[in-house]
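Colleague: I have just opened this one and could use a guided tour. Could you walk me through it slowly?

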Amino acid sequence: MEWLRGSLRRLGWPIEDLSDEQLARLLYQRWVACGDEELESGREISVAAAHGIFDSMAKEGNLDALCWQEGDVLEEIEDASWAEGGPIHARDTYDTQPEDRDQPERRESTRTDAADVIRFGEATAPEDSCGWLVDVSTDGIAFIAETHDVPVIGTKIFSTVEGREGETTELGDATVVRTELLSEFLTLVCAQRGILGEPGP
């Protein structure tokens, strides 16, 4: 989280007065400003999602929306103790590593880049964690999550994507097939959709 705090400080944010939870919720509110969605009370936005939102808006060139403005109101939000995470730079973090360039494509279907909040959990208790979706295909998904939230390989999960205009999309069941530590606190999760060996919906 220190990387994100440093970046927001340079954009004028009073980070000393904001908890990690407030930073994440304020970033989320700016991200969905073009839509009608409001963050439900008690709905957490994780460090992974906050990094993803910042990265996505910066790549869009949306610096005006990221700059702190006079009159911005701080919400009264109960502080939360979150793990400190580093920058994710979603696709660049894991797709452009030199050792990965020579690796065969793991999915048979074409991946589509994504930049959305994803809520996921074990199929028996869905949507209990929050992360950042980085790509999706008919047979798989990849997302960034806080390391302490990452399901173990072989876990069957259910996930829902929350778009920035309030739309939600259920991705259905998937099985975690690979995880990759991106930093001490953030991990890439790759999951195969549907039943292993069969394409997803």
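Predicted model: local features only at pLDDT ≥ 70, side-chain atom pairs only at ≥ 80, totals over all residues.

Colleague: At what angle do the axes of α2 and α3 cross?

Modeller: The axes of α2 and α3 cross at roughly 40° and come within 9 Å, where axes are lines fitted to C-alpha atoms, for helices over the stretch in contact, and angles run from 0 to 180 degrees between N-to-C directions. That makes α2 oblique to α3, since angles under 35 degrees count as roughly parallel, over 145 as roughly antiparallel, 65 to 115 as roughly perpendicular and the rest as oblique.

Colleague: And which residues meet there?

Modeller: From α2, the residues A24, L27, Y28, R30 and W31 meet A50, I53, F54, S56 and M57 of α3, with contact meaning heavy atoms within 4.5 Å. By class, this contact of α2 with α3 has eight nonpolar, one polar and one charged residues; Ala, Val, Leu, Ile, Met, Phe, Trp, Tyr, Cys and Pro count as nonpolar, Asp, Glu, Lys and Arg as charged, and the others, Gly among them, as polar.

Colleague: How many residues of α2 are buried?

Modeller: In α2, 11 of the 12 residues are buried, which is to say under 20% relative accessible area, against over 50% for exposed and in between for partly exposed (1.4 Å probe, protein chains only). What covers the buried residues of α2 includes α1 (2-10), α3 (47-59), β1 (112-122) and β4 (156-162).

Colleague: Switching to α1, which residues are buried?

Modeller: In α1 the buried residues are L4, R5, G6, S7 and L8, and their cover includes α2 and α3. Just after α1, G12 takes a positive phi of about 95°.

Colleague: Now the whole chain: how many helices and strands?

Modeller: The chain has six helices and six strands, which are DSSP runs numbered from the N terminus (helices H or I, at least four residues; strands E, at least two). Buried residues make up 50% of the 201 residues in the chain.

How values were computed:
Residues numbered from 1 in each chain as written. Heavy atoms only, no water.
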